[in-house]
Amino acid sequence: MGEESETAPDRAWLPAGAPGSVASVPRTNRHLLGVETADLVAELLSRLRSREWDVRRLKTRELKELGQLATDLSTRVHDVAPNRCSPAKSLALLRKLRQHPDFTPEWLVGKTCVDVGCGGVSPLGALFGLLMAGAERGIGVDMDELVDPRVAARALYDARAAVISGASGPALQLSVEDVLARTKSFDFSKLALGDPAGIDRSRLDFVRGAFEACGFDESSVDLICSQSFLEHPPEPEALVAEMGRISRPGALGVHAIDGADHRVYRDASVHPLHFLEFPADRPDDCCNRVRPLDFVDLFERHGFEVREVVHVTTVEIDEQLRSRFAEPYRSMDLERLSCVRAKLFVRRR
Ligand SMILES: C[S@@+](CC[C@H](N)C(=O)[O-])C[C@H]1O[C@@H](n2cnc3c(N)ncnc32)[C@H](O)[C@@H]1O
């Protein structure tokens, strides 16, 4: 990173907070899939109180049911992707990286990684997944402020617990010994209490600011990732150019781009391409409307070879639907338009 100045992005993001007990760490996954954890516990207690279940005389069938209830609960806690602090969310980036055609587990060892637009809720979770897999350093960048340092710290504890306990599933192929060795500079007794002092900030850090103004040194980064980010900045080409500038030759990139009209997340009846019907000068609330497949040209133009494109979500587009779109979308070919969400795997030339 370059010299700090008055306009430099904010790196003082970890206030000396007063961490509390485990119970006092706010858990954003308290409310999952519409089921409150408290409701599940209440259900369990009511069965015990009503003597439907008697703890002293629980039979095999009831013990199994109790086990199932606990499994359901832990599955909800550990495996709900929409929850930004869940281990599933923290480990999603590592899962994507493993699909990169140039990735090998050995390649990641000792690497410096940047997560652009990491969000303010759990800004370090995805990078911590990469550290557990062998990366040396992770830097998360976002314009948003950190929502709660205690939640961000606790998410790291939860991610490692999910890997060590096996709750994250065998697909990640991380050995417990390796994970313990790679994370030994973190203090997990502090992270368990939501104390950010447990984070080894020489290896994992958050920079609050616009990525394009962060001033990373040229050719200093081995891996740049972004998840649901590139569809947001009004001028994404400048950001892709900055990624090209700071990536070392041979550096890898993984970019998940969500080109849907984001109103679908508030109203499922909205067509995912409805926003293309409006003229280009219509101010959109949060998306630049660049089509995911258009990023192929952008990355190629700024020093990257696009190694693979995965069409994550496609929709049927016919001439009639396309005729309703505004320019330039009305003149685009149907295949380009039909890809709504994509993953791009790139390598710096
Ligand atoms: C939809 S969120 C994605 C957050 C996270 N990657 C995730 O998957 O949950 C997009 C993020 O990009 C950030 N962002 C947009 N433009 C940015 C820029 N120029 N530099 C840094 N962050 C930016 C926003 O603040 C927002 O947190």
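Reply: A pocket here is an open set of grid points, on a 1 Å grid over the protein atoms alone, with protein on both sides within 12 Å along at least five of seven lines. A molecule sits in a pocket if more than half of its atoms lie within 2 Å of its grid points. The model is predicted. In it, the space taken by the ligand is the largest pocket.

Start with the shell. There are 17 residues around the ligand, and K89, G117, D142, F211 and Q227 come nearest. By type, the shell divides into six nonpolar, six polar and five charged residues.

A polar backbone atom of G117 lies 2.7 Å from a nitrogen atom of the ligand. For Q227, a backbone N or O atom is 2.9 Å from a ligand nitrogen. For M143, a polar backbone atom is 3.3 Å from a nitrogen atom of the ligand. The ligand exposes 590 Å² when taken alone, and the protein buries 87% of that.

Now M143 itself. This residue is in the loop between β4 (137-142) and α6 (149-165). M143 has a relative accessible area of 57%, over the 50% cut-off, so it counts as exposed.

Finally, helix α3 (residues 87-97). Eight of its 11 residues are buried, so the helix is largely enclosed by the rest of the structure. The buried residues of α3 are P87, A88, S90, L91, L93, L94, K96 and L97.

Technical notes
Residues are numbered from 1 along each chain as its sequence is written. This is a predicted model: local features need pLDDT of at least 70, side-chain atom pairs count only at pLDDT 80 or more; totals for chains, interfaces and linings use all residues. Side-chain values use heavy atoms; hydrogens and water are left out. A residue is near a molecule or strand if one of its heavy atoms lies within 4 Å of it. A polar contact is a pair of N or O atoms within 3.5 Å; within protein, one must be able to donate a hydrogen and the other to accept it, and residues adjacent in sequence count only if both atoms are side-chain atoms. Accessible areas come from the Shrake-Rupley method with a 1.4 Å probe; for residues, only the protein chains shown count as cover. On a 1 Å grid over the protein atoms alone, a cavity is a set of points where a 1.4 Å probe fits but cannot get out, and a pocket is an open set with protein on both sides within 12 Å along at least five of seven lines; lining residues have an atom within 4 Å of a point. Ala, Val, Leu, Ile, Met, Phe, Trp, Tyr, Cys and Pro count as nonpolar, Asp, Glu, Lys and Arg as charged, and the others, Gly among them, as polar. Buried means under 20% relative accessible area, exposed over 50%, partly exposed in between (1.4 Å probe, protein chains only). Helices (H or I, at least four residues) and strands (E, at least two) are DSSP runs, numbered from the N terminus.
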